[in-house]
Amino acid sequence: MPGSPIEPAAGRRRSGAKRGWTFALVAPLLLFLAIGFLAPVLLMMARGVTDHELATAWPLTAEALREWDGRGLPDDGLARILGTEMRASRQAATLNLVANRLNYDRVGSRSLVYATAAAIEEGAPAESVADLARIDPRWGEPAQWATMRHAAGPLTSFYLLASVDRRLNADGRIERVEPEQAVFVEILLRTFKISAVVALLCALLGYPVAYLLASLPARWANPLLILVLLPFWTSALVRTTAWVVLLQTEGVLNNLLLDVGLIEAPLALVYNRIGVYIAMTHVLLPFLVLPLYGVMKSIPAAEMRAASSLGATPAAAFLKVYFPQTVPGLAAGMIIVFTLALGYYITPALVGGGGDQMLSGSIAFYTNQTLNWGMAAALSLLLLLPLALMLFAGRYLVRTVPA
Amino acid sequence: MTGLRRLLAWLALPAALIGLTGCSGESEPRPLTVVGWGGSSQEAHRRAYWQSFTRATGIRLQEDTWHGGVGVIRTKVLGGDTSWDVVQVETEDLILGCEEGLFEPLEWSSLGGRDAFIPTAVHDCGVGAMLWSYLIGWDGDRIEGPGPRTWADFWDVERFPGRRGMRRTPKYTLEFALMADGVPASQVYPTLRTPAGIDRAFRKLDALKPNVVWWSSISQVPDLLGSGEVAMSVTSPGRLIVANRTEGRNFRVSWDGNIYAVDYWVILSNSPRKAEAAQLLRHMTLPENQMRLPQYIPTGLTSRRAGELIDPRLRLDTPSDPNNMTNALELDANFWVEYGDQLTQRFNAWLAH
C-alpha cells in the first residue's frame, strides 16, 4: 500500500510523484467532465430553484414585492413602481420574461401583462392599485399579487412544488393543485415502475442468454455475441417501428395466433403498456447481457465440477456456487438497464398509450415546446434524486456480495 | 491498485485528446444552412426552391432537419452554436422565439412588402412558408361510400365503427372536441378561454376516449390507417395525398371543420450569413417560385399573387381552395402559448385515468 507507515521515505516520495503524474493524465478528462457535463447540468438544475425573470425585467418592483408582507393587496407605492417599470420594459422588449413566468403560475397572466402594459403606454393612469384594477379587474385580486410575490426571487419553491403537484396559495401555505391538474407524481411513479419491470424482464430473458454465451466455446459464442449486439446498429426509431408492424391488430403476431387458432380475436399488444414493456426490453437487453457475460466468463468451470464431485445436485451447485458469483454482474446490468430506462420517452411515445408516457416526455415538452426551463429543471431534479439514492443502494448491494 | 490507476491513465489520454480537438474545430466555413421538417415536405422545398436557388445565385446550400420546439433554437443561441441560418418554425415557436430575440426581424420591403402576402403569413420575425391543416382522414378501401364528413361523424362510433387516431396533445384535440359538440368554429377559442368551455371539451373527449389510439408523430398516420389499426384519424392531408400519388393508396380526407395554420421561415439572430439567408427568403417567397411548390406537396400558398396564378387543379387538395374552408378554424397560437402548460398537464392527467 502506498503511504503505509512501514514504507521507506524514498518509496513514499516516488509513489507521490507517480500519483501526481497519474493525476496529471486524468486531469484533462476531469476538466472536460467538469466543463462539459457538471457545469451545464448544475446551471440547468439551478433554474429549478431560482427566479430571475421578474427581477431582471422589473428590478424595483421585485425589491418592493420582497419587502411587502404579502397580505391582501399591496399599497399604491408598489403599484406606481410596477406601472413605471411595465412601461419601461415594454419599450425595452423584456415584457415577455415576466409575462411568461407569471403565466406558469397563474394562467392568463401573460395576456394580462401585455394588455396592461399596452394600456399604460397609451396613457391609462397607473398610480394606484385601483388604477390598475380599472385597466383589468384581476389587479384587484390578492391572488394575482401573491403570484407576483412568489416570482420576485431570488430563490423560489414554485417549480419544485409544482413538480410534486403542490403550490403556494395566496396565504403562503402549501396546498395540492386541483385533482384534474395533478399529474407529475403519478408520472414519476409510473416511470419508476416501467423501468423496474423492464429491468426485471431483461434479467429474466438475459440471464439464460448470458449463461449460454459464457458456456459455449469461443467459435460459437462470438457470432452469438454479435447477434446480441446487432440491435445497437439499428436506429431506435426503426426498431420501435418494427415492433409496431409485428404487434399491431392486423400485425404479424396476431395474424399468426389467429391462423393457428390460439386466439379468437386479435390481442391488444401495442399502443398500451404491454407494447412499452416489449419494445423497451428489446432495446435495453444488451446492456444486461454484456456485464453479466463478463462476470460469468470469469467464473472457472472447475468450480461447478468440484461442487458436483462433492455431491451437490446440479440445481444446488448452481444456486450455491454459481449464482451468488453472478449477482454483481446481474446487479450491475439491472442498474444500467433501470437507469437508462428512466430516461426513455420516444419509445413509450411511439408504442405506448395515453397512460404510459414517462417523465422525460414532460421534461422534453417544457424544454422544447414552451421554454418553461424552470419546470424542466425541477422535473429533472425529481428524476435525479431517487436515482442518486438508487446508485448508492446499488454500490452497497454489489459490495456486500462475496467475491 | 496500481494496475487500475495505470489503466485509468491510459483511458484518460484519448479522452483528453478528443476533448481538445472538440474545442478547436469550430472556425471551418460552412455553407448557408436551411433547416426543414424532413420527409415529403423537405423534399418538396428542395425541388421547388433550393435547387433553383443554388443555380440562380451560385450560393451553396446545406440542409438539416428538425422536429420543431423553439427550445432547440434557444439552446443553440445561448450556447453560441451558429450552425443554422434559416429554419422553418411553427407559430408558437415563432411567437416565443421572436419575443426572446432568437430570430432576426425581417426587412419586409425586400420581400415585396407585407401586402404581398396573406395576412396570417406576415410576422415581424417570420414570413409564411406553407399553409397546412389538420382534418379527418380515412382509407377509402376500408370505409366505403361517402365516409365521415364532420367532427360529429368522427365521434359517431356506431355509424362508423372502429378506432380513431388522434394526436397526443391537447392542441387540436380540444378544438375538435368542441366542434364535435356543436360549437361553431368562430366560438371555439372564446369557449376554450372559459373554465366551463375546457370542462365541456374534456367531457366530449370522455365519450370517445375508449376508442382512441393516440399518435405522437404525423408519420405514424399513413401506417395506422393503412393497417386498419384505426378506422379514421386526425391527419394533415399532405402525407396521405402523397401516398395516394406514389403508392397507389386510396386515402380520403374531409375538410369540413379543419384547423389550419401557417409555418414560417425565420433567420436565426446569431446566423453568420444573414445577407445570404435574406436572399434565400426572397427566393422562396417570389410568386413564380412559390407556384412550383404544390406540384410536389399539396399545400396552401402564402403569396397572394401565387395563389391567384396557380393552376386550380393544384389547389384542390389544399387550404387555398375556398371549397375546403367550410367551418375551417385558424389555429390560435396565442391561445396555446398562454394555455399550453396548463392544458397539457390536465390532458396528460386525463389520459391516464
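**Confidence in chain A**

The average pLDDT of chain A is 89, and 94% of its residues score at least 70. Residues 1-7 of chain A are a stretch to treat with care, with pLDDT below 50. Beyond near neighbours in sequence, that stretch makes 3 contacts in the model. Where pLDDT is low, the predicted coordinates should not be read in detail.

| Chain and domain | Residues |
|---|---|
| Chain A, domain 1 | 1-46 |
| Chain A, domain 2 | 53-176 |
| Chain A, domain 3 | 184-400 |
| Chain B, domain 1 | 32-131 + 262-320 |
| Chain B, domain 2 | 133-261 + 328-351 |

In chain A, the C-alpha centres of domain 1 and domain 2 are 49 Å apart. In chain B, the centres of domain 1 and domain 2, taken over C-alpha atoms, are separated by 27 Å.

The two domains of chain B meet through 15 residues of domain 1 and 15 residues of domain 2. On the domain 1 side, helix H2 (39-57) and helix H4 (91-99) of chain B are the elements that give two or more residues. H4(B) makes the largest contribution to that side, with 4 residues. By class, this side of domain 1 of chain B holds 7 nonpolar, 6 polar and 2 charged residues.

**Chain B as a whole**

Chain B contains 15 helices and 9 strands. Along the principal axes, its C-alpha atoms fill a box of roughly 70 × 65 × 45 Å. Of the 353 residues in chain B, 48% are buried. Among contacts in chain B with a separation of 6 or more, 73% join residues 24 or more positions apart.

**Where chain A meets chain B**

Between the chains, 35 residues of chain A are in contact with 37 residues of chain B. On the chain A side, at least two residues each come from helix H1 (9-46), helix H5 (95-105), helix H6 (109-121), helix H17 (346-351) and H18. The largest share, 6 residues, belongs to H1(A). This side of chain A divides into 14 nonpolar, 17 polar and 4 charged residues.

In soluble globular proteins, nonpolar side chains tend to be buried together. Here, the largest nonpolar core has 154 residues, and those touching the most other members are A:Leu284, A:Val337, A:Ala341, A:Leu379, B:Val86 and B:Val266. Helix H14 (residues 273-297) of chain A gives the most to this core, namely 12 residues. Apart from this core lies another, of 29 residues, including A:Ala57, A:Ala64, A:Leu82 and A:Val98.

Leaving aside residues up to four places away in sequence, B:Val266 touches B:Val87, B:Val89, B:Leu94, B:Phe103, B:Cys125 and B:Gly126.

Key. Residues numbered from 1 in each chain as written. Chains lettered and ligands numbered in written order. Predicted model: local features only at pLDDT ≥ 70, side-chain atom pairs only at ≥ 80, totals over all residues. pLDDT = per-residue confidence, 0-100. Contact = placed C-beta atoms within 7 Å. Domains from an automatic or database assignment. Nonpolar A, V, L, I, M, F, W, Y, C, P; charged D, E, K, R; others polar. Core = buried A, V, L, I, M, F, W, Y, C linked by C-beta atoms within 7 Å. Buried ≥ 20, exposed ≤ 12 C-beta atoms within 10 Å, placed from the backbone.
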